Amino acid sequence: MPRPADPKARSALIASARAEFAKRGVKGARISDITAASGLSKGAFYLHFPSKEALFAALVQDFLEALERLTTKRMSCMERFRADYSGLPGPGDVATRSERYRDFLRMEAALDVEMLELMWEQRELVTALIVGSQGTAFESVMWDVVDREVERIAREFHHLRGQHPDTPDVDPSLFGSFIVGTYLLLARRMGRLMQKPDLATWAVGLQRLMHEGSLPREAVPATPAALARPSSPPSTRRRHARADHPHRPPRKRP
């Protein structure tokens, strides 16, 4: 009668395999190293997985399913927001930081935290997919995910531009590549970190960067009139006075 598989042994093998795959890649990882790191025998390994590739495939499948759940949730939240607020925030909402924009920012940041949490939890697997799957059946997995996400964000951005025609003329695919590329680099960085970063702060910062740019918040003009109003140059007499007496402090105007 075959010996039943121990679920605790499976978890231990998976944890050890993640570390080995991240360190040595799919090709370089060895079953003997995985079992040694988990304190189990090769026999215990084969009770759960027929090969290291099968183990890696199971990890990838779980990761892709988790990504799909988060994507579905994001789309559902976006549709609900559109219905509740009669559309997404436009440039005017961002400029005035309207209640609709602030609620949208909170929603997007909360969803981003969930994505960043998944990336942190799966950082070893993501590292293996990015830099350790070349020459295997898994080498295109991460890039297929990237392509799908770029297309999804591009569609969302195109829809937003149609709703707000005054949105700056940015190619939707370029915008999608910028967003997905940022998260891909963060995922790669997570694989090198020893301590978990403040993911909530990352999420809020990313959303503000996407919607408000990199200018300090106080530097963003409150109204279009403030943006159009040029600063007044000093008078000719004041300029000559400063040239004649360069070390004299400027006179305070009453």
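## The surroundings of S133

Leaving out residues up to four places away in sequence, S133 touches V26, A128, F138 and E139, where a contact means heavy atoms within 4.5 Å. S133 belongs to the loop that joins α7 (123-131) to α8 (141-163), and with a relative accessible area of 1% S133 is buried (buried means under 20% relative accessible area, exposed over 50%, and partly exposed in between, with a 1.4 Å probe and protein chains only).

This is a predicted model, in which local features need pLDDT of at least 70 and side-chain atom pairs count only at pLDDT 80 or more, whereas totals for chains, interfaces and linings use all residues. Residues are numbered from 1 along each chain as its sequence is written, and side-chain values use heavy atoms, with hydrogens and water left out.

## Overall architecture

The protein chain contains twelve helices and zero strands, and its pattern along the sequence is accordingly written α-α-α-α-α-α-α-α-α-α-α-α; helices (H or I, at least four residues) and strands (E, at least two) are DSSP runs, numbered from the N terminus. Of the 254 residues of the protein chain, 39% count as buried.

Among the contacts in the protein chain with a separation of 6 or more, 67% are accounted for by residues 24 or more positions apart.

## Helix α6 against α10

Two packed helices are described by the angle between their axes and the distance between the axes. For helix α6 (residues 99-121) and helix α10 (residues 199-212), the axes come within 8 Å and cross at roughly 130°, axes being lines fitted to C-alpha atoms, for helices over the stretch in contact, with angles that run from 0 to 180 degrees between N-to-C directions. The helices α6 and α10 are therefore oblique to each other (angles under 35 degrees count as roughly parallel, over 145 as roughly antiparallel, 65 to 115 as roughly perpendicular and the rest as oblique).

On the α6 side the contact involves Y101, F104, L105, E108, A109, D112, V113, L116, E117 and W120, and on the α10 side L199, A200, W202, A203, V204, Q207, R208, M210, H211 and E212. By class, this contact of α6 with α10 comprises 13 nonpolar, two polar and five charged residues, where Ala, Val, Leu, Ile, Met, Phe, Trp, Tyr, Cys and Pro count as nonpolar, Asp, Glu, Lys and Arg as charged, and the others, Gly among them, as polar.

## Helix α6 against α9

Helix α9 (residues 172-190) packs with α6 at an angle of about 40°, the axes being 9 Å apart, and α6 and α9 are therefore oblique to each other. The crossing of α6 and α9 is right-handed. The contact is formed by D112, L116, M119 and W120 of α6 together with Y183, L186, A187 and M190 of α9, and its residues divide into seven nonpolar, no polar and one charged.

I130 lies in helix α7 and is buried, with a relative accessible area of 13%. Apart from residues up to four places away in sequence, I130 touches M142, W143, L184 and R188, while the C-alpha atoms of I130 and S140, ten residues apart in sequence, are 9.1 Å apart in space.

K27, a residue of helix α1 (residues 7-28), counts as exposed at 61% relative accessibility. Although K27 and G132 are 105 residues apart along the chain, their C-alpha atoms are separated by 7.8 Å. With neighbours within four places in sequence left aside, K27 is in contact with K52, Q134, G135 and T136.

## Two positive phi values

Most residues other than glycine have a negative phi, and most peptide bonds are trans. S86, which is not a glycine, has a positive phi of about 55°; S86 is placed in the loop between α4 (52-85) and α5 (91-96) and is exposed, with a relative accessible area of 68%.

R97, also a residue other than glycine, has a positive phi near 50° and lies in the loop between α5 and α6. At 18% relative accessibility, R97 counts as buried.

Conventions: A crossing is left-handed if the near helix is turned anticlockwise from the far one by less than a right angle, and right-handed if clockwise.
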